[in-house]
Each structure stands twice: as structure tokens, then as C-alpha cells.
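Okay, everyone, thanks for coming. Let me put the structure up on the screen, and then I'll talk you through a few spots in it.

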Amino acid sequence: MTHKEIAAILLQAEITQKACEPIRTHLSDLDLESAYAIQKLNVDEKIAKGGIEVGKKIGLTSFKVQEQLGVDQPDFGILLQHMQFNQGENLAFADLMQPKAEAEIAFILKHDLTGEQLTTEDIIDAIDYVVSAIEIVGSRIKDWNIKITDTIADNASSSHFILGNKKMSIKNIDLENSKMQLYVNDELVSEGDGTSCMGNPLNSVVWLANKMGALGNPLKKGEVILSGALGPMVSLNPSDKVKATIEGLGEISFDVD
């Protein structure tokens, strides 16, 4: 089966909101190059129809999850403008597929990041500000039965995201030790800190910047970078009220219709 045919399966699942079987049966287990090629086909299709790229998301930033999937690196997906919603806006459950939420730290860039040997210092210099974020992940793969090639091809299981309103200088945030608490219907359902994201969220952004540089698609000024979950993801249901706090970055919340 060709990359284009596999991409069509995932796109059809998204359009019809009927999850498909794992696509890894058509790829070798660790054929990441093909998985990213499939991802790009569907992202390019959406951009051709008016979608606007606004950033990147980093997934698989938990070392434990990487070990479970038999990989030694995270993955990335592309954020499009229609995926973002704002505080005060509700999220329609009907628009989601098998949704789960995770809280993380987002970085906004003030200039482009080019090259393949970027350092932590390079990344810090390029960051305009830091905000809290909740990412809603969703899988087009039935029952979240995914391995690494499934999630990469499926745009890193991306769905929607929301950013907090409190913008902070990276120099005023203890990224490694910032504690996160995620609540659903006022019940604490997930917690963690920056060490859950590759030891420090900056590590995942350094990885992404160098990965994108190597691919000839460097990170650009104004892009949103979702750096990875600070704790376990949690399933969402209709009428859920979701709230997260990240130390130093305040509170962020939304309701699911």
C-alpha cells in the first residue's frame, strides 16, 4: 500500500469520524520516515485547502512511554490554526475523536531557529515567552491501539489546544520543577512537573528544533511549540469541566459541550 493510500485511510477516518484499524500493518514497526511522509501528505492537503500552520507539538516526551513503544526519541506533529481555541470558548465533543487531555508548557518563538546543532542557549534566546497549555489529543486509530508509526502518521495524534493568558519570560520560570495539576469536574486526575517531559521541557524543544532543521523545515518566528505533557493524559467526556494549573503560569480552563 502506498503512502498516499495510507494517508487517505487516516483522512477518511477523520472526515467520517469513524476510527480506522492501525495503519502499522502496512509499514514496518519502526519505519518512521514513511510515517512522517504520510503525516506530511495529510497536513499538506489541509494547508492546500486553506489551513494555516501555526506551530508544532512534541509527543512521546515521557521516557517511560518511549520505552513502552520501543523508541529512543519523541515525535512531532503540525499545529494548524483551526486546532486552537480560546479561554471562554467551549469545545464541542462532537468535533473530537477519542479525546484525551494533557497539560503542558508552550513556548512562543521571537525569531527563526535554523541549523541542526542548536543548543539549549540557542533555544532560550529564541523564546519570546512561555504560557501554560492544555492539549487535546485524539486518535483516528480505533481504541487508541497505536504504536509509534500509527501516531506519527496520524499527526502525532493531535486534535486541539488552548493556551493560557499569563505570558512569562522563560527566565522567570523554573521549567524543571514547575508543578502541574489537572482537574476534570473539580477532581484532581493528573499531576506532575517539568521532569516528566524529557527531564525538562527545554530538552524536548531542543530536540524538535534540531529535528526540524535537519528536515529543512526550521522553527519560525511566532510559532507555538507544545513541549509535551507534564503528567498522564486523561480521557474527556461530554459536559466535562477541565482546569489545569502550572506553577508560575496560572490557571487555564475550558468546558466540553
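This is a predicted model: local features need pLDDT of at least 70, side-chain atom pairs count only at pLDDT 80 or more; totals for chains, interfaces and linings use all residues.

Now, E9 has another partner. Strand E4, residues 100–109, pairs with E9 in the antiparallel sense over four bridges.

How many of the residues of strand E9 are buried? Six of the six, across residues 224–229, so E9 is largely enclosed by the rest of the structure.

Okay, over to a helix. Asn42 lies in helix H2, which covers residues 32–48. Is Asn42 buried or exposed? Its relative accessibility is 12%, and the cut-off for buried is under 20%, so Asn42 counts as buried. Who does Asn42 touch? Not counting residues up to four places away in sequence, that's Ala7, Leu10 and Leu11.

Next stop, Gln181, in strand E7, residues 179–184. Gln181 comes out at 29% relative accessibility, so it counts as partly exposed. Setting aside neighbours within four places in sequence, Gln181 is in contact with Leu188, Ser190 and Glu191, and also with Lys243, Ala244 and Thr245. Compare that with Asn210: it sits 29 residues from Gln181 along the chain, and their C-alpha atoms are separated by 30 Å.

Let's zoom out. The chain has six helices and twelve strands. For 257 residues, a compact globule would have a radius of gyration near 18 Å, and the chain has 17 Å, which agrees. Along the principal axes, the C-alpha atoms fill a box of roughly 50 × 45 × 35 Å. Buried residues make up 53% of the 257.

On contacts: take those between residues at least 6 apart in sequence, and 75% of them join residues at least 24 apart.

The chain exposes about 11,700 Å², with carbon and sulfur atoms supplying 47% of that. There are 23 positive and 38 negative charges, and the mean positions of the two sets are 3 Å apart.

That's my tour, so let's open it up for discussion.

Notes: Residues are numbered from 1 along each chain as its sequence is written. Side-chain values use heavy atoms; hydrogens and water are left out. Helices (H or I, at least four residues) and strands (E, at least two) are DSSP runs, numbered from the N terminus. The radius of gyration is taken over C-alpha atoms; the globule rule is 2.2 Å times the number of residues to the power 0.38. Buried means under 20% relative accessible area, exposed over 50%, partly exposed in between (1.4 Å probe, protein chains only). Contact means heavy atoms within 4.5 Å. Accessible areas come from the Shrake-Rupley method with a 1.4 Å probe; for residues, only the protein chains shown count as cover. Lys and Arg count as positive and Asp and Glu as negative; His and the chain ends are not counted. The place of a charge is taken as NZ of Lys, CZ of Arg, CG of Asp or CD of Glu. Two strands pair if DSSP finds at least two bridges between them.
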